[in-house]
Amino acid sequence: MYYEDTDAGGVVFYANYLKYLERARTEWLRSMGFEQQRMIEEQDALFAVVSIEGNYRKPARLDDELAVTVEVEASGRSSLLFRQRVVRKQDDMLLFDGTVKVACLTASTFRPQAILANVREKFSA
């Protein structure tokens, strides 16, 4: 972890875990060939967080190297429920776990829409 991620005691600030989860989901999408800006521009679609539930298990500290996992736990017509974990790589210690529900929205109206078929096909494979 970086100094900017920690508080005065060298412990990662709790809200930063949400950033780590977001970045991991973004990279997960990118690894499947979906860039969010292109989805907006070309398909008028975006994903937005609807809810999150998290459990802080152990603190991450300055200089810890973290791994963040992304797993689709459930999918609906216009939503995905992700199970995510933050683990310290040095000792495989679980630091945070939780679920994040995202909705697929029409970018121009912010109204729910069905998850794009090409996206659904990739994460179902």
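## Around Arg 88

Setting aside neighbours within four places in sequence, Arg 88 is in contact with Pro 59, Asp 64, Glu 65, Leu 66, Met 93 and Leu 95, where contact means heavy atoms within 4.5 Å. The model is a predicted one, in which local features need pLDDT of at least 70, side-chain atom pairs count only at pLDDT 80 or more, and totals for chains, interfaces and linings use all residues. Residues are numbered from 1 along each chain as its sequence is written, and side-chain values use heavy atoms, with hydrogens and water left out.

Where does Arg 88 sit? Arg 88 belongs to strand E3; helices (H or I, at least four residues) and strands (E, at least two) are DSSP runs, numbered from the N terminus. Because its relative accessible area is 14%, Arg 88 counts as buried; the scale here is buried under 20% relative accessible area, exposed over 50% and partly exposed in between, using a 1.4 Å probe and protein chains only. The side chains of Arg 88 and Asp 91 are joined by a polar contact of 3.1 Å. A polar contact is a pair of N or O atoms within 3.5 Å; within protein, one must be able to donate a hydrogen and the other to accept it, and residues adjacent in sequence count only if both atoms are side-chain atoms.

## A hairpin of two strands

Strand E3 (residues 79-88) runs antiparallel to strand E2 (residues 66-75), and 9 bridges join them. Two strands pair if DSSP finds at least two bridges between them. E2 and E3 make a hairpin, with 3 residues between them. Look for Val 68, which stands opposite Val 86 in E3.

## Aromatic pairs

How many aromatic pairs are there? The count is 7, using this rule: rings of Phe, Tyr and Trp (its six-membered ring) pair if their centres lie within 6.5 Å, and planes under 30 degrees apart are stacked, over 60 edge-to-face and the rest tilted. Tyr 14 and Tyr 56 form an edge-to-face pair, 6.5 Å centre to centre with 80 degrees between the planes. This pair links distant parts of the chain, 42 residues apart: Tyr 14 is in the segment before helix H1 (16-31) and Tyr 56 is in strand E1 (residues 45-56). Tyr 14 counts as exposed because its relative accessibility is 52%, whereas Tyr 56, at 44%, is partly exposed.

Trp 28 and Phe 82 have ring centres 5.3 Å apart and planes at 85 degrees, so this pair is edge-to-face. Since Trp 28 lies in helix H1 and Phe 82 in strand E3, the pair ties together parts that are 54 residues apart in sequence. Trp 28 and Phe 82 are both buried. One aromatic cluster is formed by Phe 13, Tyr 14, Tyr 17, Tyr 20, Tyr 56 and Phe 96.

## The nonpolar core

In soluble globular proteins, nonpolar side chains tend to be buried together. Here a nonpolar core is a set of buried Ala, Val, Leu, Ile, Met, Phe, Trp, Tyr and Cys residues joined through side-chain atoms within 4.5 Å. The largest has 27 residues, and Tyr 17, Trp 28, Phe 47, Leu 80, Ile 115, Val 119 and Phe 123 touch the most other members. Two or more residues each come from H1, E1, E2, E3, strand E4 (93-106) and helix H3 (117-124). H1 gives the largest share, 6 residues.
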